[in-house]
Amino acid sequence: MSERNAIKGPGTIRNLSQRLLPPMILGSGFVGIWYFIAYGVLEPRRRFLLRPPHEVIQVGFLEWDNFSLILNSLWSSTKVAMMGLSIAILIGFMLAITMSQAKFAERAIFPFMVTLQAIPILAITPLIGFWFGTGQTSRVVVCVIISLFPILLNTLFGLQSADSGLHDLFTLHHANRVTRMRKLMFPAALPAVFAGLRISAGLSVIGAIVGDFFFGKGDAGIGQLLRKHASQLAGEELLAAVIMSSALGVTVFLFFGWLQERSIGRWHETTTGAG
Amino acid sequence: MTGSLAFEETGMVFPDGTEALREVSFAVDKGEFVTIVGPSGCGKSTLLKIASGLLEPTSGQVHADRDQLGYVFQDPTLLDWRTVRGNVELLAELHGVETDERRRLAAEAIELVGLNGFEDHYPKSLSGGMRMRCSLARSLTLKPPVFLFDEPFGAVDEITREHLNEETQTLFRTEGFAGLFITHSISEAVFLSTRVLVMSARPGRIVAEFDIEFDYPRLPKLRFDPDFAELCGQVSINLRGSHS
């Protein structure tokens, strides 16, 4: 025991380096190719197509005017994403619980959910603009539509995943619907719920940006900023904004991974990476 | 017929036309441990489901003291998100027993199955045998007058199985419930029971009955006794006969 504790220190460090080294090597390779294209492939007058990394950092991140604009837009989109995700979770949970309680409800609702999921979001953005205006509400609506399906489907699947033997046990001891839901179905659903949350959270960020791209009224987000920079051929700012929006998506993904580990890690073997 | 658990000409035909049981009649009294052996798919598990009330028989009758029924399934069926203690407390919780009493009952049951020291472990860190013990302890908390066992030790290794057999026997002697046990293993049946019933292939019927008169407590070495082997042989012959 003590021997194992003794080697635990350096062991963790080696573990960490083993985990960090591969992505760092790949990342460096990626930056190398980026430089190679910027300087080796593109002639100087066409270099606006892909600015080299240090210029992107210089203009996009180190010039405070530009960077603060990115941060402001990002915050606005984050708010849209959070609101959209919260609504999607609320609707998703309510529908999943209803569907898990009555086969009839499941049969009735499911086709419409699949249809909603199958509609290309771009095809209904004009309609959403019609109905909800071109401001914040419409952005949130797009966000909800995009992120609803995975949370609904995974929660439903999770609620139905409880072992039939356990259901028998609850039946034998006369548990009512609420007890069965609270003590059996809901805890059993948690691993699947978290899987759905991670997917939906990522999608809610995409939804916020897509919504913002189309609806420009009011508090403009990162979508509007991307649009503006693209039209002005401002490559450095554009790339910086793209990098920051990916960073937002990654942060959200990692946050829910962390939350999952905290909530159910003690009893559930987590199989997803990046925790 | 009397008894804590009694079947009277019980029959079961499933909606798809499969006849699982035909005219099964027997009773299990308090202080009796009855084991049913039979080929796979002969309706043994169906019989337990009927005894517990999970299934209604399509003919005949069942009388059972189902108030605080003990039922151990083929799998441990534990709640993954609860510790051993939490799992053992579950049934008392469903029956509305208050916290202090629940704690006490759980501690007692955990002690009985020898899981003390593992109260705070989650099922994922327990071995198969320990999970089964936890499942046993869970049913014990209710002090069931009738205890049903549905091939509970089929999935654990031979050594663990023998240990669990001895522990089950101890529980039977201390708790004095009416036990109905189902198994594939003839030696397990003879070792545990006061009576062994042989069931035929589908549709299940009782085709032979053996009173097992070895004194309790039965020690592990009983398994090497010539009389024990003789009885196992007779049960086996009847079981083979039931296949045709």
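Colleague: How many residues of chain B are in contact with chain A, and how should I read such a number?

Modeller: The model is predicted, and a contact here is counted when two C-beta atoms, placed from the backbone, lie within 7 Å. On that basis 15 residues of chain B are in contact with 15 residues of chain A, and the side of chain B that touches chain A is made up of nine nonpolar, three polar and three charged residues.

Colleague: Which elements make up chain A?

Modeller: Chain A holds 11 helices and zero strands, which leaves an order from the N terminus that reads α-α-α-α-α-α-α-α-α-α-α.

Colleague: What does the radius of gyration of chain A look like beside that of a compact globule?

Modeller: For 275 residues a compact globule would come near 19 Å, whereas chain A has 23 Å, and its C-alpha trace spans about 80 × 70 × 30 Å along the principal axes. Of the residues in chain A, 32% count as buried.

Colleague: Where are the domains of chain B, and how many residues are in contact between them?

Modeller: Domain 1 of chain B takes in 5-69 + 144-243, while domain 2 covers 78-143, and their centres, taken over C-alpha atoms, are 25 Å apart. Between them, 12 residues of domain 1 of chain B are in contact with nine residues of domain 2 of chain B. On the domain 1 side, helix H5 (residues 158-175) of chain B contributes the largest share, five residues, and by class that side has eight nonpolar, two polar and two charged residues.

How values were computed:
Residues are numbered from 1 along each chain as its sequence is written. Chains are lettered from A and ligands numbered from 1 in the order in which they are written. This is a predicted model: local features need pLDDT of at least 70, side-chain atom pairs count only at pLDDT 80 or more; totals for chains, interfaces and linings use all residues. Ala, Val, Leu, Ile, Met, Phe, Trp, Tyr, Cys and Pro count as nonpolar, Asp, Glu, Lys and Arg as charged, and the others, Gly among them, as polar. Helices (H or I, at least four residues) and strands (E, at least two) are DSSP runs, numbered from the N terminus. The radius of gyration is taken over C-alpha atoms; the globule rule is 2.2 Å times the number of residues to the power 0.38. A residue is buried if 20 or more other C-beta atoms lie within 10 Å of its own, exposed if 12 or fewer, and partly exposed in between; C-beta atoms are placed from the backbone. Domain bounds come from an automatic or database domain assignment.
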